[in-house]
Amino acid sequence: MSKHDPSVIYANELTRETNVAQMKDRASKLTGTDERLQDMDRMGIDIQAISPAPFQYFYFVEAERGAALAREVNEGIARLVADTPARFVGMGSVPLQNAELAVQEMDHAIKVLGLRGIEINTNVNGRNLTDPQLGLEPFFARANELGAVLFLHPVGFSEGARLTNHYFNNVIGNPLDTTIAVSHLIFDGVVDRYPKIKFIAAHGGGYVSHYWARMDHAWRARPDCRTVIRRAPSTYLKKFYVDTVVFAPEMLRHLVDTFGAERVLLGSDYPYDMGEEDPRGLIGAVKGLSRADRSLIEGGNAAKLFTVKQSR
């Protein structure tokens, strides 16, 4: 883990010790496939989408170095998938500190390496994804041309000075940073301008999934909340995909009611201690879920979403 990582900066000593111990205990699950495949069999998972560990966002380094590191990560994931193609599909990384290099690496990852999407952080060195100084509009434009999957996964909250105890910068900070990212993507018009991007928001979409009505009210009540978008924020929110990593069947029921079963994907956060150990059990505990909807959430949606299509 990097000293630039908010999850390290805003953490007390016990949290750091616990994280170091977790890495030692679970290193084999993160670096090999033998235990992973055994765990997948135990969990009833046929195919797993492998994405870079969030600590492998190297946005803080010089752009060319970041591009080289992203290439190394992507080629490693592509090799893993090639070795066990019946059980894994891959997602890649890009150097978001430079839009031009990010576009180049996204093209290589998807069109050359055959990866099924790109994982990005919910901020870039503390800047919002829509910050004009980042200049990521060409990246989003190219992702739209490709119809790319962009998986938003946070690494703590970038302003987490009040979240250092009790692992709060993960427990509270991760969904908070996702909430901010999703809100900016909506209110700053990215989702509206680029409707072919398939955004996935980790951890059930953060808090915005459960308090979207406040955004809609603000959009109706205040001119400063409708400077860009023409429709209510929830209209755009429902274009997102979210995962099932919410830990309670009633919360998952709410996601299904909000987004529709066709927008909810089985998630595990494997192999971390904040992951869901029994994702199919959680889905099965949701009251009133039809067999057809359960089938979509357990794999039908992901199979459709991660199918590679020919692109320009």
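Where does E159 lie relative to strand 4 and helix 7? In this predicted model, E159 is found in the loop that runs between strand 4 and helix 7 (168-171).

**E159**
- The residue E159 is exposed, its relative accessible area being 55%.
- Between the C-alpha atoms of E159 and G204 the separation is 21 Å, and the two residues are 45 apart along the chain.

**Helix 5 and helix 6**
- Two packed helices are described by the angle between their axes and the distance between the axes.
- For helix 5 (residues 99-112) and helix 6 (residues 137-146), the axes come within 9 Å and cross at roughly 20 degrees.
- Helix 5 is therefore roughly parallel to helix 6, as angles under 35 degrees count as such.
- The crossing of these two helices, helix 5 and helix 6, is right-handed.
- Helix 5 contributes A102, V103, M106, D107, I110 and K111 to the contact, and these meet P138, F139, R142, A143 and L146 of helix 6.
- Sorted by class, the residues in the contact of helix 5 with helix 6 are eight nonpolar and three charged, with no polar residues.

**Burial and surroundings of helix 6**
- The buried residues in helix 6 are F139, F140, R142, A143, N144 and L146.
- These buried residues of helix 6 pack against helix 5, helix 8 (173-187) and helix 9 (190-193), as well as strand 3 (118-120), strand 4 (149-152) and strand 5 (198-201).
- After helix 6 comes G147, which has a positive phi near 60 degrees.

How values were computed
Residues are numbered from 1 along each chain as its sequence is written. This is a predicted model: local features need pLDDT of at least 70, side-chain atom pairs count only at pLDDT 80 or more; totals for chains, interfaces and linings use all residues. Side-chain values use heavy atoms; hydrogens and water are left out. Axes are lines fitted to C-alpha atoms, for helices over the stretch in contact, and angles run from 0 to 180 degrees between N-to-C directions. Helices (H or I, at least four residues) and strands (E, at least two) are DSSP runs, numbered from the N terminus. Angles under 35 degrees count as roughly parallel, over 145 as roughly antiparallel, 65 to 115 as roughly perpendicular and the rest as oblique. A crossing is left-handed if the near helix is turned anticlockwise from the far one by less than a right angle, and right-handed if clockwise. Contact means heavy atoms within 4.5 Å. Ala, Val, Leu, Ile, Met, Phe, Trp, Tyr, Cys and Pro count as nonpolar, Asp, Glu, Lys and Arg as charged, and the others, Gly among them, as polar. Buried means under 20% relative accessible area, exposed over 50%, partly exposed in between (1.4 Å probe, protein chains only).
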